Amino acid sequence: MNIKCGEFIGEVDEETVYIGDEDELDYDVLVWTGGITGRDCMQDVALDKDERNHRVHAEGNFRTDDEHVFAIGDSALIDQPGDQPAPPTAQAAWQAAEVAGENLARAARGQPLKTWTHKDKGTVVSVGEKAVAHDVMNMPIETFGGMPAKLLKKAIAARWINDVTGVGRAAKAWPDM
Ligand SMILES: Cc1cc2nc3c(=O)[nH]c(=O)nc-3n(C[C@H](O)[C@H](O)[C@H](O)COP(=O)(O)OP(=O)(O)OC[C@H]3O[C@@H](n4cnc5c(N)ncnc54)[C@H](O)[C@@H]3O)c2cc1C
């Protein structure tokens with residue numbers, strides 16, 4: 001096995017991955033997990049942002065360097081305690097939205113803004129029919145798979161559908177998840 005770190009993929013065609021200026025790798029199966037990039041339309045927006053991925057820098061209260069602009073979710077790099085910004089996950093975006101919404105109202109009223117800190121509730125991954133859960137909040141076992149992990153993954157999706165559209169649609173979607 002050959003693991004390369006710190007290299008940037010410049011181009012991929014049907015047979016080859018081109019790395020940097022000179023390196024080429026032939027492949028049979030390519031799994032691309034290239035990471036998060038901001039939207040093209042953010043490229044020319046005059047806000048403090050990462051020049052490569054156009055994600056907008058925001059404080060823990062979601063305010064950018066323009067006091068009238070707030071940023072959350074994948075399009076933002078939100079300050080957190082430590083070196084790393086908030087992770088680009090639905091879990092984080094969902095949590096952030098609750099506080100960001102309140103902060104918009106606070107900003108309009110001239111009140112102090114709340115600072116948000118991401119709380120990692122754990123990781124649940126499903127691939128095909130299989131699932132695994134790790135470090136899930138309030139669970140006594142650190143890592144587990146099988147039916148409990150599959151049910152948990154479905155429950156997370158159902159909860160989201162319930163929050164957005166109501167319990168009827170969540171129940172309807174359950175057999176297809
Ligand atoms: C395959 C996949 C699996 C994932 N699985 C998980 C998971 O299991 N758990 C987890 O926590 N996270 C997961 N994520 C990450 C998660 O989906 C994102 O972090 C989350 O959706 C970010 O929310 P958001 O609101 O910032 O952006 P989005 O959900 O991407 O919403 C952005 C919206 O803006 C719209 N938009 C874009 N450009 C414009 C424009 N110019 N004008 C108007 N509207 C525009 C888009 O159409 C979209 O509706 C996954 C992501 C992918 C791709």
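This is a predicted model: local features need pLDDT of at least 70, side-chain atom pairs count only at pLDDT 80 or more; totals for chains, interfaces and linings use all residues.

Biologist: How far apart are the closest N and O atoms of R106 and E102?

Modeller: They are 3.3 Å apart, and the two residues form a salt bridge. E102 also forms a salt bridge with K114, where the closest N and O atoms are 2.9 Å apart. K114 lies in the loop between helix 1 and strand 6 (123-127) whereas E102 is in helix 1, so this pair ties together parts that are 12 residues apart in sequence. Through the shared partners, the salt bridges join E102, R106 and K114 into one network.

Biologist: How many salt bridges turn up in the whole structure?

Modeller: A search of the whole structure finds 3. One of them pairs K4 with D23, with the closest N and O atoms 2.9 Å apart. This pair links distant parts of the chain, since K4 sits in the segment before strand 1 and D23 in strand 3, 19 residues apart. K4 is partly exposed, with a relative accessible area of 36%, and D23 is partly exposed too, at 32%.

Biologist: Changing topic, which residues form the negative surface patch?

Modeller: That patch is formed by E11, D13, E14, E15, E24, D26 and D28. Of these, E24 lies in strand 3, which covers residues 23-26, and E24 counts as exposed because its relative accessible area of 51% is over the 50% cut-off.

Biologist: What about a nonpolar patch, and how much accessible area does it have together?

Modeller: I9, V12, L30 and W32 form a nonpolar patch on the surface, and together they have about 340 Å² of accessible area. I9 lies in strand 1, residues 9-12, and is partly exposed, with a relative accessible area of 37%.

Biologist: Last one, how is the chain divided into domains?

Modeller: The chain is divided into domain 1 (1-34), domain 2 (40-109) and domain 3 (123-176). Taken over C-alpha atoms, the centres of domain 1 and domain 2 are separated by 31 Å.

Conventions:
Residues are numbered from 1 along each chain as its sequence is written. Side-chain values use heavy atoms; hydrogens and water are left out. Patches are made of residues with over 30% relative accessible area and no salt bridge: like charges are joined within 9 Å, nonpolar side chains (Val, Leu, Ile, Met, Phe, Trp, Tyr) within 5 Å. Accessible areas come from the Shrake-Rupley method with a 1.4 Å probe; for residues, only the protein chains shown count as cover. A salt bridge is a side-chain nitrogen of Lys or Arg within 4 Å of a carboxyl oxygen of Asp or Glu. Lys and Arg count as positive and Asp and Glu as negative; His and the chain ends are not counted. The place of a charge is taken as NZ of Lys, CZ of Arg, CG of Asp or CD of Glu. Helices (H or I, at least four residues) and strands (E, at least two) are DSSP runs, numbered from the N terminus. Buried means under 20% relative accessible area, exposed over 50%, partly exposed in between (1.4 Å probe, protein chains only). Domain bounds come from an automatic or database domain assignment.
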